[in-house]
Amino acid sequence: MALIENGLIKQLEEDLEFKVTYDGQVHNYTELQPSDDPDYRGMKRPKFASAVTKQVSDQVYAHASSGKLVLTLGGDHSIAIGTVSGTAKAVRERLGKDIAVIWVDAHADINTPETSDSGNIHGMPVSFLTGLATEEREDVFGWIKEEHRLSTKKLVYIGEFLVPGMEFM
């Protein structure tokens, strides 16, 4: 919200000459919080994370399918499940092509529920987006279908990788 309050929309419109569609609100998705959300396959709060990312995916898809460039601000890394899946589906339908993603992060975020030490879903988005992790339950990421997926051939990582005993400047 601080970015919006400090003129982001105006800058996009005036400085970059973008035609901006903005609904005037910051979404926090608290209405999607289930009353019961136990750990599942080691994931923490899986129903809530799945519901939010599905909602974001649907919203991104609705805009991207009409040819709009979608800018999503906020959320932890798990939000990429929604932004990337919605874009991937829209681009496949509109252009018949796979999207490419440059993942800029110090972490690969490709843990599966079974390989994650923490159970935090923000460390798993790439595994769900590429199909390395799958689920049949609709309420726990089973909504992610092939049309939402990212090809590993179209994924590039840029990050900081530390080697024990070596210093990088």
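A charge sits over a ring if NZ of Lys or CZ of Arg is within 6 Å of the ring centre and within 35 degrees of the ring normal. The model is predicted: local features need pLDDT of at least 70, side-chain atom pairs count only at pLDDT 80 or more, and totals for chains, interfaces and linings use all residues. Residues are numbered from 1 along each chain as its sequence is written, and side-chain values use heavy atoms, with hydrogens and water left out.

**View 1. Charges over tyrosine rings.** Lysine 89 sits over the face of tyrosine 61. Its distance from the ring centre is 4.6 Å. Arginine 137 takes up such a place over tyrosine 40, at 4.3 Å from the ring centre. For ring-to-ring pairs, a search of the whole structure returns one aromatic pair. Such a pair needs ring centres of Phe, Tyr or Trp (its six-membered ring) within 6.5 Å; planes under 30 degrees apart count as stacked, over 60 as edge-to-face and the rest as tilted.

**View 2. Arginine 41 and its two glutamate partners.** Arg41, Glu114 and Glu135 are linked in a network of salt bridges. A salt bridge here is a side-chain nitrogen of Lys or Arg within 4 Å of a carboxyl oxygen of Asp or Glu. The whole structure holds seven of them. Arginine 41 bridges to glutamate 114, with the closest N and O atoms 2.8 Å apart. Arginine 41 lies in the loop between α2 (8-14) and α3 (46-64), and glutamate 114 in the loop between β1 and α5, so this pair ties together parts that are 73 residues apart in sequence. Helices (H or I, at least four residues) and strands (E, at least two) are DSSP runs, numbered from the N terminus. Arginine 41 also meets glutamate 135 in a salt bridge of 2.7 Å, N to O. That pair links distant parts of the chain, 94 residues apart, with glutamate 135 in the loop between α5 and β2 (155-158). Arginine 41 is partly exposed at 26%. Glutamate 114 is exposed at 54%. Glutamate 135 is buried at 15%.

View 3. Aspartate 58 and lysine 54 meet through their side chains in a salt bridge of 2.9 Å, N to O. The two are four residues apart in helix α3, so about one helical turn separates them. Aspartate 58 is partly exposed, at 36% relative accessibility. Lysine 54 is partly exposed too, with a relative accessible area of 34%.

**View 4. Aspartate 105, buried without a salt bridge.** Aspartate 105 is placed in the loop between β1 (101-104) and α5 (125-130). Which side chain of opposite charge is nearest to aspartate 105? It is lysine 44, 17 Å away. Lys and Arg count as positive and Asp and Glu as negative; His and the chain ends are not counted. Aspartate 105 does have a polar contact of 2.8 Å, side chain to side chain, with histidine 77. A polar contact is a pair of N or O atoms within 3.5 Å; within protein, one must be able to donate a hydrogen and the other to accept it, and residues adjacent in sequence count only if both atoms are side-chain atoms. Not counting residues up to four places away in sequence, aspartate 105 touches His77, Ile158, Gly159 and Glu160. Contact means heavy atoms within 4.5 Å.

View 5. Arginine 45 has a phi near 50°, a positive value in a residue other than glycine. Arginine 45 belongs to the loop between α2 and α3. Its relative accessible area is 44%, partly exposed. Phenylalanine 141 has a positive phi of about 75° although it is not a glycine. Phenylalanine 141 lies in the loop between α5 and β2. At 1% relative accessibility, phenylalanine 141 is buried.

**View 6. Serine 151 and the backbone of lysine 153.** Serine 151 is in the loop between α5 and β2. A polar atom of the serine 151 side chain lies 3.1 Å from the backbone nitrogen of lysine 153. Serine 151 counts as partly exposed, at 23%.

**View 7. Threonine 83 in helix α4.** Threonine 83 lies in helix α4 (residues 80-95). Threonine 83 is buried, at 17% relative accessibility. Leaving aside neighbours within four places in sequence, threonine 83 is in contact with Val56, Val60 and Thr72.

Conventions: Buried means under 20% relative accessible area, exposed over 50%, partly exposed in between (1.4 Å probe, protein chains only).
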